[in-house]
Amino acid sequence: MQPINVHDYEVLAQTQLARPIWDYYQGGSEDEISLRTNRTAFAQLRLRPRVLVDVSNSNLKTSVLNTEIDMPILVAPTAAHSMAHSDGECATIRGADAAGSGMIVSNDASFSMEEIARASQGLRWYQLYIHTLNEAQQLIKRAEAAGYQAIVLTVDTPLLSNRERDKRNAMGNFQKKYYPGAFSGNARHTINGSLDNSERAAYAGHTLTWDTIAWMRTHTSLPIILKGILTAEDATLAVQHQVAGIVVSNHGGRQLDGTIAPIEALPEIVAVAAQHCEIYLDGGIRRGTDILKALALGAQAVLIGRPILWGLTVQGSEGVRHILEILQKELQSAMILAGCPSIKQISRSLIQWT
Ligand SMILES: Cc1cc2nc3c(=O)[nH]c(=O)nc-3n(C[C@H](O)[C@H](O)[C@H](O)COP(=O)(O)O)c2cc1C
Ligand SMILES: CCCCC(=O)C(=O)O
């Protein structure tokens, strides 16, 4: 089968991945209600297209934090790409570059952030999990030195949720046996050898507070983006802590189960924060029309998680590029059909809630 849309890549990737990996990539937490809601919420939004607009000069270019990109689409941080392809994140970032997009590199990548940075000329942001402040400080320094342009702190993971597919598959054992190091590319490159595994294992995620953001600011001048916000209350606090951006996200339905979908949370967050910082959204985006809906409700750009892993599995960097270009073309066609030749013509009036 020649894949022509994101769903085709999903079908092909499933045939190529061992069950524990497929389930790790695909799954959500507990009853996977959030995972499903992320998709159904998009279907419940209806578009109100305008006609007889001159759309002959259609243009998808935009910028995020003052960096130009060819489409309002970025690669979400997802862990352990070597389980999808031997070139792992180096292939992913090459695909993102080739498409004129950019990549948020996971803290738990299979390759070190330096190796991944060397594979790319384009936009790259570093996604941080804070295990200890000491480790975080070193990771931030390394990210700065390797030319990452922003730090994306994921805030929805004080612990890793209950993922029952992974339990049933004994995913941890499978991964250690067949893909050792898939989650710890960064540990292979240490400053003074001080990135210590027992320290990492002492997972300190649940001691993080808003004070941690102030602490981060004293250690970097890079823009700080918070990933995993779903309420106006937290968006207001984020603005008070002078973040450069917010990713409205429920971690692809992989953390707290039963949350509102990011696309449902977007309007209240845009209402309090859009004047002050950039707002991005991820979760369940599989079509250009999903992206159009997110942009109409005020997102500056969207992040794509699982479809990138499917593209990487099926065709390495070419597959990643193809996934991004499929979504770009679908978005372009949706914009033309809705009467929006460029991104700035997309507005809230495109949306009707049902
Ligand atoms: C396999 C997998 C691994 C992920 N790893 C991370 C991670 O390391 N850090 C992070 O902030 N988010 C991680 N996420 C969440 C994604 O960044 C993103 O929020 C989510 O995948 C978006 O939903 P989508 O997959 O429906 O596009 C992961 C998601 C998946 C599917
Ligand atoms: C153990 C690494 C965490 C990766 C992650 O964030 C996810 O699987 O959702």
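Colleague: Which residues surround ligand 2?

Modeller: In this predicted model, local features need pLDDT of at least 70, side-chain atom pairs count only at pLDDT 80 or more, and totals for chains, interfaces and linings use all residues. Residues are numbered from 1 along each chain as its sequence is written, while chains are lettered from A and ligands numbered from 1 in the order in which they are written. A residue is near a molecule if its C-beta atom, placed from the backbone, lies within 6 Å of it. Ala79, Asp108, Leu160, Phe183, His251 and Arg254 surround ligand 2.

Colleague: What does UniProt place at His251?

Modeller: UniProt positions follow the numbering used here, feature names are shortened, and annotations may be inferred rather than shown by experiment. The unreviewed UniProt entry places the feature "active site" at His251.

Colleague: Is histidine 251 buried or exposed?

Modeller: A residue is buried if 20 or more other C-beta atoms lie within 10 Å of its own, exposed if 12 or fewer, and partly exposed in between, with C-beta atoms placed from the backbone. Histidine 251 counts as buried because it has 24 C-beta neighbours inside 10 Å.

Colleague: With which residues is histidine 251 in contact, leaving aside its neighbours within four places in sequence?

Modeller: Contact requires C-beta atoms, placed from the backbone, to lie within 7 Å. Under that exclusion, histidine 251 is in contact with Asp156, Thr157 and Gly228.

Colleague: Where is histidine 251 placed?

Modeller: Helices (H or I, at least four residues) and strands (E, at least two) are DSSP runs, numbered from the N terminus. Histidine 251 lies in the loop between β9 (245-248) and α12 (262-273).

Technical notes
Two residues are in contact if their C-beta atoms, placed from the backbone, lie within 7 Å.
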